[in-house]
Amino acid sequence: MKGKTIILGVCGGIAAYKAAALCSKLTQAGAKVHVVMTESATKLVAPATFQALSHEAVRVDTFDELDPKVISHIDLADRADAVVIAPATANMLAKMAHGIADDMLSTILLATTSPILAAPAMNVHMYAHPATQANMEILRERGVQFIEPGVGQLACGYVGKGRLEEPEAIVEYVKAHFASLEAPKLLAGKKVMITAGGTVERLDPVRYFTNDSSGKMGFALAEAARDMGADVTLIAARVSEAFPSDVTVIRAESALEMEAEVLSRYNEMDLVVKAAAVADYRPSETAAQKIKKTGETLNVTLVKNPDILEELGRRKEHQFLIGFAAETEQLESYAMDKLVRKNCDLLVANDVSQDQAGFGKDTNIVTIFDKNGPALALPVLGKRETANRILQVAAERMNAGGKA
Ligand code: PMT
């Protein structure tokens with residue numbers, strides 16, 4: 001972040017105290033940080049704290065012009081490489097969504113053309129309120145990036161979603177943002193389809209079979225492909241993460257729905273990555289009404305789902321096809337079997353029995369196979385970095401005009 005100018009907007013939520021650590025970490029990472037506080041934020045943390053940590057004057061009042069040669073809110077808005085708002089309160093999100101500029105921070109937010117990264121923090125009900133969600137949706141559509149709040153004990157006593165993401169994670173997010181701007185556009189002009197999450201196979205209106213996939217790996221691939229310049233379509237089954245911005249998201253709950261969505265778009269794609277955990281079987285029938293508890297046992301007949309990846313392999317023409325394999329043993333032999341049987345160009349195998357790999361984790365440990373065997377074994381990496389490496393290998397091979 002060396003050389004980057006960041007405006008850190010601090011709003012009046014109790015999590016404002018965490019913004020001090022964030023300010024310190026951004027400064028330590030090399031950024032020039034200008035803190036802009038709302039009046040309410042100053043009631044929770046003194047501006048002097050931020051001044052000491054950023055070594056810059058802290059702005060609160062729009063009319064407090066420090067340099068007579070410039071109009072400070074426009075000057076700051078123009079100079080910022082990014083504006084980070086942490087905590088972003090429901091009130092500030094509402095002002096941003098509706099173009100209200102009644103203090104220094106909201107005025108800068110209206111005046112800036114720089115990327116805005118907002119880390120909301122508030123009471124769980126305020127966060128879930130339709131007004132807040134609608135405001136966030138408006139802002140998302142305008143390109144504001146959200147660093148989603150965590151779930152946990154909130155200062156108000158409630159337990160739920162609304163806790164400000166930890167300063168370290170926000171710094172990582174900001175770093176990733178700058179890195180994405182500098183990412184080589186290896187997939188420029190390419191159409192990429194990624195599947196993510198676990199399919200849901202319904203037994204009756206309230207019960208279903210599924211698996212532990214969170215969608216993190218697929219989402220990381222979608223973000224990495226987007227940042228490499230691709231036009232990305234994400235086919236998402238059941239996921240527990242917020243969708244990445246600037247990708248087309250199509251929901252597909254079951255394997256059958258996913259098959260229809262994937263096959264209908266396959267012809268126009270250059271690259272397809274099947275990171276979704278697709279159920280191999282589904283109940284032979286989905287009861288129209290909730291199944292009643294009658295006998296001591298309940299027998300459910302499962303029938304085989306179509307293998308979507310195998311079908312893609314059969315229909316493959318110009319597309320570059322990447323499959324995943326989630327294994328708990330004999331990684332290499334099972335991976336090679338899937339690569340050949342499903343006619344993939346690359347197969348990414350993860351040993352999901354390892355602590356830092358697989359379902360729900362933020363990290364992964366993968367080996368990328370091609371038809372000759374293991375091509376690249378990656379160490380423990382964040383899923384986003386894992387995604388970057390997988391797509392780099394794919395892009396190099398696609399751009400060289402060769403299939404594996
Ligand atoms: O979502 P996360 O929590 O981040 O977890 C990531 C992950 C572990 C789900 C991911 O890294 C992963 O391994 N995805 C593939 C999981 C899986 O279904 O593996 P499989 O070995 O059962 O299937 C092999 C391949 O065939 C996969 O590409 C799968 O999408 C595809 N498949 C499988 C069955 C089927 N009926 N249709 C398919 O297309």
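Visitor: What percentage of the 404 residues in the chain do buried residues make up?

Guide: A residue is called buried under 20% relative accessible area, exposed over 50% and partly exposed in between, with a 1.4 Å probe and protein chains only. Buried residues make up 50% of the 404 residues here. Please note that this is a predicted model, in which local features need pLDDT of at least 70 and side-chain atom pairs count only at pLDDT 80 or more, whereas totals for chains, interfaces and linings use all residues. Residues are numbered from 1 along each chain as its sequence is written, and side-chain values use heavy atoms, with hydrogens and water left out.

Visitor: How many helices and strands does the chain have?

Guide: Helices (H or I, at least four residues) and strands (E, at least two) are DSSP runs, numbered from the N terminus. The chain has 14 helices and 21 strands.

Visitor: Which domains does the assignment give?

Guide: Domain bounds come from an automatic or database domain assignment. For this chain they are domain 1 (5-180) and domain 2 (185-399), and the centres of the two, taken over C-alpha atoms, are 35 Å apart.

Visitor: Is helix 6 mostly covered or uncovered?

Guide: Helix 6, residues 104-111, is mostly covered, with six of its eight residues buried. These are M104, L105, S106, T107, I108 and L109. They pack, contact being heavy atoms within 4.5 Å, against several elements, including strand 1 (5-10), helix 4 (72-79) and strand 4 (116-120).

Visitor: With which residues is E259 in contact, leaving aside its neighbours within four places in sequence?

Guide: E259, found in helix 11 (residues 255-266), is in contact with P306 and I308. I308 is 49 residues away from E259 along the chain, yet their C-alpha atoms are separated by 5.7 Å.

Visitor: Which backbone angles deserve a second look?

Guide: Most residues other than glycine have a negative phi, and most peptide bonds are trans. In this model the peptide bond from A86 to P87 is cis, with omega near -5°, and P87 lies in strand 3. H55, which is not a glycine, has a positive phi of about 60°; its place is in the loop between helix 3 (47-54) and helix 4. D246 also has a positive phi, near 60°, and sits in the loop between strand 11 (231-236) and strand 12 (248-251).

Visitor: Why does H55 count as exposed?

Guide: H55 counts as exposed because its relative accessibility is 63%. D246 counts as exposed as well, because its value is 66%.
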